[in-house]
2 protein chains.
Amino acid sequence: MKAFGERVTAAIAEKRSAVCVGLDPRPALLPSDCLEAGHASSPREEEALAEASRIFCRRVVQLVAPHCAAVKPQVAFFEVFGSAGMEAYLDVCAFARGKGLPVIADIKRGDIGTTAEAYARAWLARRGEEAPRADACTINPYLGRDGVIPFLEAASGSGGGVFVLVRTSNPSAADFQDLRVDGETLYLRVARLVRSLNEGHVGPSGYGPLGAVVGATRPEMLGLLRAELPTSILLLPGFGAQGAGPADVVDGFDENGNGCLVSASRSITFPWSGESVVPRTWEERIVDAVTKMRDDLLAVLSAGA
Amino acid sequence: MKAFGERVTAAIAEKRSAVCVGLDPRPALLPSDCLEAGHASSPREEEALAEASRIFCRRVVQLVAPHCAAVKPQVAFFEVFGSAGMEAYLDVCAFARGKGLPVIADIKRGDIGTTAEAYARAWLARRGEEAPRADACTINPYLGRDGVIPFLEAASGSGGGVFVLVRTSNPSAADFQDLRVDGETLYLRVARLVRSLNEGHVGPSGYGPLGAVVGATRPEMLGLLRAELPTSILLLPGFGAQGAGPADVVDGFDENGNGCLVSASRSITFPWSGESVVPRTWEERIVDAVTKMRDDLLAVLSAGA
């Protein structure tokens, strides 16, 4: 298996799309046909909703696969349904990988020692004959390098990737991430650790297995972090429903218009959110939303080139 | 259901034990009878190991229940086995709750918005007629208050608790947690947020739903954090295998010898670790280990009183 950086940069270039589709199957927003199929499968509410989520996400993956560079399924929306939810989540990951899409498991795990090794094995390692469950996962840096290295090692062994939370897109990210330490922000310190750990793991694309999550809602940080993290693919949540637009993300890309995945969840997978009923044409609406986002990103990247 | 602070302080007082038993079922350390029973249950390696872990943890819970105040099952050691692992984990949690033991799900989750709400619902909320899956869970504060409030709200609604990582016990905790912001450490800033969010939720015991994880390996911090967090139950990992002893944890307790859970995993559940074979008497060894730890803590607390 080629290294993660090579696979993702190739996907972005070949598909001319930096779109990463976030799969956050909130039950209240699911189309009724998915919910009905879920309820037909089990009388138990949790199993029914896990199945409805699985059906919806599989259909979204099929719809967006030609138009996006990666998918990012959010495990919390499955974990809530217990073991049935975990089964559905792993099915969605395997289905997307089967379509050739890099899967970023959005799990935001963070632990140390043998515990971190267990998480890393769970998500990034080959298990006997079986492929890893995901191509990459997100992790939290609060525990320091002890919490990063086990994931980096597992990723390096399997051609996988790891996205470290550096500066998130939520309002209270400033509570701790923006605090100043010797005149510079904490998130910059986290970025430095990511950069230093990536050394020695960088492939021909210029990127290593350690990427960084950087909120797209603060464009002034993007250029700074792009410069501080030359070997990290950036993963930018916050596009669409959270307020960031195409012009806000331009500075996250490298000089080749690559090295950056722009993630949107609700605005692509639930473009009818806010309307009183789910339209019958929901599948077309999803294709419209993902192709529009791809084209909008291409347009601003071309304008800047 | 009584509030979490009331239940835990009552358990510590009634059992005269501040011991929290960490359940980290590493497959390489499991007794052979548990492994054999697991392998007899399924030809699939992951299902077999999930079942072996479940059997072992249930037996440990039965053995330690009379002697400890809480248990802390580590989800990573189950997540590695996929949906079978999650099923085993939830079974262990339910089994321990059925024995009257408060269960702290050691999941270290951290996210924001609807995602954090989904995690909080998954672990702390009542689901229809069913009890919450756990009494409390651990969370990571890197995303700021947006990442804490959804858990606090779910906990407040169900009599649950939340332990926020404040200062962890691993060597590289210093990478970020010990950085100085305006002359004080980042972990102290995190502690301040915990304290302020706990306001208005404090019960007759003096404790609120938000607790704090503080490594037992740095005794000089304990007194400081006990004073900064008067309404938080402290959860201290790092005892035993990680090097901290009874004298190191005394300052984590309040004036009543309460308000502190001292967690040990390997030293209690695998006291034969390092020996060439698992002794036939492994169950007795676990009871010896947990009662010794309980008595050692009682002894230093009495000496200090």
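**Two chains, one surface: a walk through the model**

Please keep in mind that the model before you is a predicted one. The phi angle of A:Arg16 is near 50°, a positive value in a residue other than glycine. For context, most residues other than glycine have a negative phi. With 14 other C-beta atoms within 10 Å, A:Arg16 is partly exposed.

A second residue of this kind is A:Asp182, whose phi is also near 50°, positive although the residue is not glycine. A:Asp182 is placed in the loop between β6 and β7 (184-185) of chain A. Is A:Asp182 buried or exposed? A:Asp182 is exposed, because 8 other C-beta atoms lie within 10 Å, and a count of 12 or fewer is the criterion for that class.

I now turn to chain A as a whole. Chain A contains twelve helices and ten strands. The radius of gyration of chain A is 19 Å, close to the 19 Å that the globule rule gives for 305 residues, so chain A is as compact as a globular protein of that length. The C-alpha trace of chain A spans about 55 × 45 × 40 Å along its principal axes. Of the 305 residues in chain A, 60% count as buried. As for contacts in chain A between residues at least 6 apart in sequence, 72% join residues at least 24 apart.

Which strands pair with β5(B)? One is β4(B), residues 136-139, which runs parallel to β5(B) and is joined to it by four bridges. Within this pairing, B:Thr138 has B:Phe163 of β5(B) as its bridge partner. Another is β8(B), residues 210-214, which pairs with β5(B) in the parallel sense over five bridges. Here B:Arg167 is partnered by B:Val214 in β8(B). Together with helix α7 of chain B, residues 149-158, the strands β4(B) and β5(B) make a right-handed β-α-β unit.

B:Val21 counts as buried because it has 29 C-beta neighbours inside 10 Å. Leaving aside residues up to four places away in sequence, B:Val21 touches several residues, among them B:Val60, B:Cys68, B:Ile268 and B:Val290.

Finally, let us consider how the chains meet. The contact takes 49 residues from chain A and 50 residues from chain B. On the side of chain A that touches chain B, the elements supplying at least two residues each include α4 (76-79), α5 (82-98), β3 (104-109) and α8 (186-198). Which element gives the largest share of that side? That share, seven residues, comes from α6(A). By class, this side of chain A has 22 nonpolar, 13 polar and 14 charged residues.

How are the copies related? Chain A can be laid on chain B by a turn of 180° and a shift of 0.0 Å along the axis, with an RMSD of 0.0 Å. That is the relation of a two-fold axis. The same surface serves both copies, since 100% of the contact residues of chain A recur in chain B.

Note on methods:
Residues are numbered from 1 along each chain as its sequence is written. Chains are lettered from A and ligands numbered from 1 in the order in which they are written. This is a predicted model: local features need pLDDT of at least 70, side-chain atom pairs count only at pLDDT 80 or more; totals for chains, interfaces and linings use all residues. Two residues are in contact if their C-beta atoms, placed from the backbone, lie within 7 Å. Ala, Val, Leu, Ile, Met, Phe, Trp, Tyr, Cys and Pro count as nonpolar, Asp, Glu, Lys and Arg as charged, and the others, Gly among them, as polar. Copies are superposed by least squares on the C-alpha atoms of residues with pLDDT of at least 70 in both. The radius of gyration is taken over C-alpha atoms; the globule rule is 2.2 Å times the number of residues to the power 0.38. A residue is buried if 20 or more other C-beta atoms lie within 10 Å of its own, exposed if 12 or fewer, and partly exposed in between; C-beta atoms are placed from the backbone. Two strands pair if DSSP finds at least two bridges between them. A crossover is right-handed if, with the strands pointing away from the viewer, the path from the first strand over the helix to the second runs clockwise.
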